[in-house]
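Open the model in your viewer and keep the selection tool at hand. Each stop below says what to select and what is there.

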Amino acid sequence: MASCIFCKIVKGDIPSFKLYDSPKVLAFLDINPLAKGHALIIPKTHGEKLTDIPDDELAESLPVAKKIAAALGAENYNILQNNGRLAHQEVDHVHFHVIPKPDQQQGLG
Ligand code: 5GP
Ligand code: ZN
C-alpha cells in the first residue's frame with residue numbers, strides 16, 4: 001500500500017534497523033522504543049488488522065518474536081498486537097511488538 005509507512009520500510013524506501021528478513025516477515029527496531037530492544041515484527045503483506053492477514057502469512061510472526069526475545073536476552077517481555085484506534089493502533093499495518101521489561105535487560109548493552 002503506497003501510503004503505508006511499514007510497506008515503505010518493507011520496500012526499503014524508509015530506513016530501518018532490521019533484525020530479521022524473510023520472504024514473508026520483516027522485523028526491525030521500533031523508532032520510538034518503550035524499552036531498549038523494542039522490536040516490531042510484520043507480515044510483509046499489507047493488512048490493517050489481524051483479521052486481514054491469512055493464517056499462512058501470520059504463521060512465521062510469533063516464532064520470530066520468540067527468536068528475537070531470546071536473542072535480546074530478554075527473560076521478561078511483552079508481546080503486543082494492537083487492532084484499531086481504540087486499542088491504540090497507530091500504524092495500520094499489522095505488527096507485533098516485542099517489548100523487553102526495563103529491569104531485565106542484561107546483555108542489551
Ligand atoms: P501501534 O501503536 O500501531 O501498535 O505501534 C506503532 C509503532 O510503530 C510505534 O511503537 C512507533 O514507535 C512505531 N513506528 C512508527 N513509525 C515508525 C517508523 O517509521 N519506523 C520504525 N522503526 N518504527 C515506527
Ligand atoms: Zn502496509
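Start with His88, in the loop between strand 4 and strand 5. This is a predicted model. Is His88 buried or exposed? His88 has 9 other C-beta atoms within 10 Å, so it is exposed; the cut-off for that is 12 or fewer. Now check the backbone: His88 has a positive phi of about 75 degrees, although it is not a glycine. Most residues other than glycine have a negative phi.

Stay in this loop and select His95, which sits between strand 4 (77-80) and strand 5 (96-100). UniProt, in an unreviewed entry, places the feature "active site" at His95. Such an annotation may be inferred rather than shown by experiment. His95 is buried, because 22 other C-beta atoms lie within 10 Å and the threshold is 20 or more. What does His95 touch, leaving out residues up to four places away in sequence? The contacts are Phe6, Leu40, Ile41 and Ile42.

Follow one of those contacts, Ile41. Beyond four places in sequence, Ile41 touches Val25, Ala27, Ser61, Val64, Ala65, His95, Phe96 and Val98.

Next, select strand 2, residues 25-29. Four of its five residues are buried, so strand 2 is largely enclosed by the rest of the structure. Look to one side for strand 1 (residues 18-21), which runs antiparallel to strand 2 and is joined to it by three bridges. A hairpin links strand 1 to strand 2 through three residues. Then find strand 3 (residues 39-43): five bridges join it to strand 2, again antiparallel. Pick Leu26 to see both pairings. Its bridge partner in strand 3 is Ile42, and Leu26 is itself the strand 2 partner of Asp21.

Move to helix 3, residues 61-72. Its 12 residues reach 16 Å from first C-alpha to last, close to the 16 Å expected at 1.5 Å a residue. Colour the buried residues: Ser61, Val64, Ala65, Ile68, Ala69 and Leu72. Turn the view to look down the axis of helix 3. The buried residues fall within an arc of 135 degrees, so they line one face of the helix. An α-helix has 3.6 residues a turn, so residues three or four places apart point the same way. On the face turned away from the buried side, select the exposed residues Pro63, Lys66 and Ala70.

What do the buried residues of helix 3 pack against? They meet strand 1, strand 2, strand 3, helix 2 (55-58), strand 4 and strand 5. Step just past the end of helix 3 to Gly73, which takes a positive phi of about 75 degrees.

Now for the core. The largest nonpolar core has 22 residues, and Ala27, Ala39, Ile41, Ala65, Ile68, Ala69 and Val98 touch the most other members. Helix 1 (5-11), strand 2, strand 3, helix 3 and strand 5 each supply at least two residues of this core. Which element gives the most? Helix 3 does, with five residues.

Last stop: Asn78, in strand 4. Asn78 is partly exposed, with 14 other C-beta atoms within 10 Å. Asn78 and Asn32 are 46 residues apart in sequence and 16 Å apart in space, C-alpha to C-alpha.

How values were computed: Residues numbered from 1 in each chain as written. Chains lettered and ligands numbered in written order. Predicted model: local features only at pLDDT ≥ 70, side-chain atom pairs only at ≥ 80, totals over all residues. Contact = placed C-beta atoms within 7 Å. Pairing = 2+ DSSP bridges. Expected span 1.5 Å × (residues − 1). Arc of directions from axis to C-beta. Core = buried A, V, L, I, M, F, W, Y, C linked by C-beta atoms within 7 Å.
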